[in-house]
Amino acid sequence: MTFILDRFLSLFNGGMKAYKVQDVKREQRIGVTAKNFKELLEKGAEKLKLNPEEVTVVIEDDGTAVTDDKFFKKLPAQTVFVFLKKGETWRGAGVLIHDALSKLYCATRKNEIASQIRDLLITENAPEKIHIISQYLELLETNTSSEKRQDHEDWFEGLNKKYKTKSEVMRHSAQTRIRSYYMTAKEQIEREADKEYKQDLLDLLEEGFQILKKSDFHSSYFDRTASEKQRMCDKQGWFRCEGPFDMDNCDKFHTINPYASKGYRQLFGLWNLDHIIEKSREVIPRFIEAARSKQKHQDLNIDLLYKLLFTRENLKLVQVGCHKKAARESGKITWNDFCSEG
């Protein structure tokens with residue numbers, strides 16, 4: 001809801017949003033307005049008396065580096081950025097209670113950990129640190145086990161009244177992402193395939209759509225009530241980042257529980273369900289090439305396309321900081337892989 005409000009307000013102020021910038025020592029924290037990353041970098045460096053060509057900009061909360069407009073524009077107003085000079089590092093304010101968070105899986109220690117964080121709040125003077133620690137305290141004190149709307153009405157704020165449980169909302173979230181992959185695949189085929197075999201490709205994709213409908217568009221991916229084999233989280237609703245496409249896991253140990261609060265539900269929208277073998281640059285182009293290059297006795301097979309577009313064999317859940325946006329070619333599939341003997 002906050003993100004939508006930010007977008008709405010930006011229509012009336014030329015795209016400008018308010019942010020905060022600070023140096024690594026927290027000696028200065030200054031408000032700036034910017035409509036793009038370049039403007040933030042220039043204004044922030046000027047306010048902090050730093051050389052914009054020699055600074056690295058990271059998010060204060062977790063230390064994620066910000067380098068381009070695409071990522072920058074996904075961040076909400078009032079985001080705090082840390083400007084680092086050469087040789088300086090920032091692991092994120094949340095590292096102060098990293099150990100406590102790692103123990104959240106032990107529900108029996110929840111109250112004890114919350115008490116320890118309250119002690120940090122009492123002894124801590126920095127306002128920004130208090131804000132971040134308070135966010136984690138809110139997470140601890142939220143009953144993540146509540147499922148029904150009547151038990152956690154705040155979590156459902158801004159959502160359609162038809163949703164009665166958190167799992168219903170999260171199932172819809174997974175369906176929306178999978179449906180978007182179908183739609184973008186269809187649009188790319190309509191845009192790039194030659195007329196003579198375009199309809200054949202669309203007919204095959206429609207077969208995949210029918211399979212998707214039978215699987216409920218893989219709604220189980222985000223549903224903590226689904227079976228362990230089907231869901232991507234544990235039974236409490238905790239998701240772990242699976243790391244960039246070229247790594248086996250996340251070395252930053254990113255975790256999130258969108259079932260815990262409205263805020264974490266919204267933040268989960270910034271997590272990517274990323275294709276390991278890229279959909280638009282590799283999967284669909286090879287599928288189109290197969291239609292053009294196959295022999296007369298060969299048929300196009302929907303099975304591989306379906307697996308690469310919609311299943312966990314080619315999908316990883318990735319926190320936005322681990323999402324690598326650079327163009328890439330895996331070389332793991334060829335057009336012939338989409339062909340079978342007729």
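## Aromatic rings

Rings of Phe, Tyr and Trp count as a pair if their centres lie within 6.5 Å. This structure is a predicted model. In it, ring pairs link Y19, F37, F72 and F81 into a cluster. A search of the whole structure finds 13 aromatic pairs. One of them joins F72 and F81. A pair of aromatic rings is described by the distance of the centres and the angle of the planes. For F72 and F81, the centres are 5.9 Å apart and the planes meet at 35°. What does that make the pair: stacked, edge-to-face or tilted? Stacked needs planes under 30 degrees apart, and edge-to-face needs over 60. The angle here is 35°, so the pair of F72 and F81 is tilted.

F72 has 1%, so F72 counts as buried. F81 has 0%, so F81 is buried too.

P76 sits in the loop between α3 (69–72) and β4 (80–84). Its relative accessibility is 32%, so P76 counts as partly exposed. Now look for Y19, a member of the ring cluster. P76 and Y19 are 57 residues apart along the chain. Their C-alpha atoms are separated by 8.5 Å.

## Salt bridges

How many salt bridges does the structure have? The count comes to 13. Three of them follow here, including one between E42 and K38.

Start with E42 and K38. Their closest N and O atoms are 2.6 Å apart. Both residues lie in helix α2 (residues 37–48). They are four residues apart, about one turn of the helix. E42 has a relative accessible area of 40%, so E42 is partly exposed. K38 has 55%, and exposed means over 50%, so K38 is exposed.

Next comes R171, which forms a salt bridge with D223. The closest N and O atoms of this pair are 3.0 Å apart. The pair links distant parts of the chain. R171 is in helix α7 (residues 166–192), while D223 is in the loop between α8 and β5 (239–240). Which side of the cut-off does each partner fall on, buried or partly exposed? R171 has a relative accessible area of 25%, so R171 is partly exposed. D223 has 5%, so D223 counts as buried.

R281 is partly exposed, with a relative accessible area of 38%. E278 has 12% relative accessibility, so E278 counts as buried.

## A patch of negative charge

Which residues gather in a patch of negative charge on the surface? They are D200, D203, E206 and E207. Take D203 as an example. D203 is found in helix α8 (residues 195–214). Its relative accessible area is 39%, so D203 is partly exposed. A patch residue needs over 30% relative accessible area and no salt bridge. With 39%, D203 passes the area cut-off.

## Positive phi angles

Most residues other than glycine have a negative phi. Two residues here stand out against that background. D216 has a positive phi of about 60°, although D216 is not a glycine. D216 is placed in the loop between α8 and β5. Its relative accessible area is 37%, so D216 is partly exposed.

F253 also has a positive phi of about 60°, and F253 is not a glycine either. Where is F253? F253 lies in the loop between β5 and β6 (255–256). At 61% relative accessibility, F253 counts as exposed.

## A buried glycine

Return to the loop between α8 and β5, where G237 lies. Is G237 buried or exposed? Its relative accessibility is 0%, so G237 counts as buried. G237 and R224 are 13 residues apart along the chain. Their C-alpha atoms are separated by 5.2 Å.

Key. Residues are numbered from 1 along each chain as its sequence is written. This is a predicted model: local features need pLDDT of at least 70, side-chain atom pairs count only at pLDDT 80 or more; totals for chains, interfaces and linings use all residues. Side-chain values use heavy atoms; hydrogens and water are left out. Patches are made of residues with over 30% relative accessible area and no salt bridge: like charges are joined within 9 Å, nonpolar side chains (Val, Leu, Ile, Met, Phe, Trp, Tyr) within 5 Å. Accessible areas come from the Shrake-Rupley method with a 1.4 Å probe; for residues, only the protein chains shown count as cover. A salt bridge is a side-chain nitrogen of Lys or Arg within 4 Å of a carboxyl oxygen of Asp or Glu. Lys and Arg count as positive and Asp and Glu as negative; His and the chain ends are not counted. The place of a charge is taken as NZ of Lys, CZ of Arg, CG of Asp or CD of Glu. Helices (H or I, at least four residues) and strands (E, at least two) are DSSP runs, numbered from the N terminus. Buried means under 20% relative accessible area, exposed over 50%, partly exposed in between (1.4 Å probe, protein chains only). Rings of Phe, Tyr and Trp (its six-membered ring) pair if their centres lie within 6.5 Å; planes under 30 degrees apart count as stacked, over 60 as edge-to-face and the rest as tilted.
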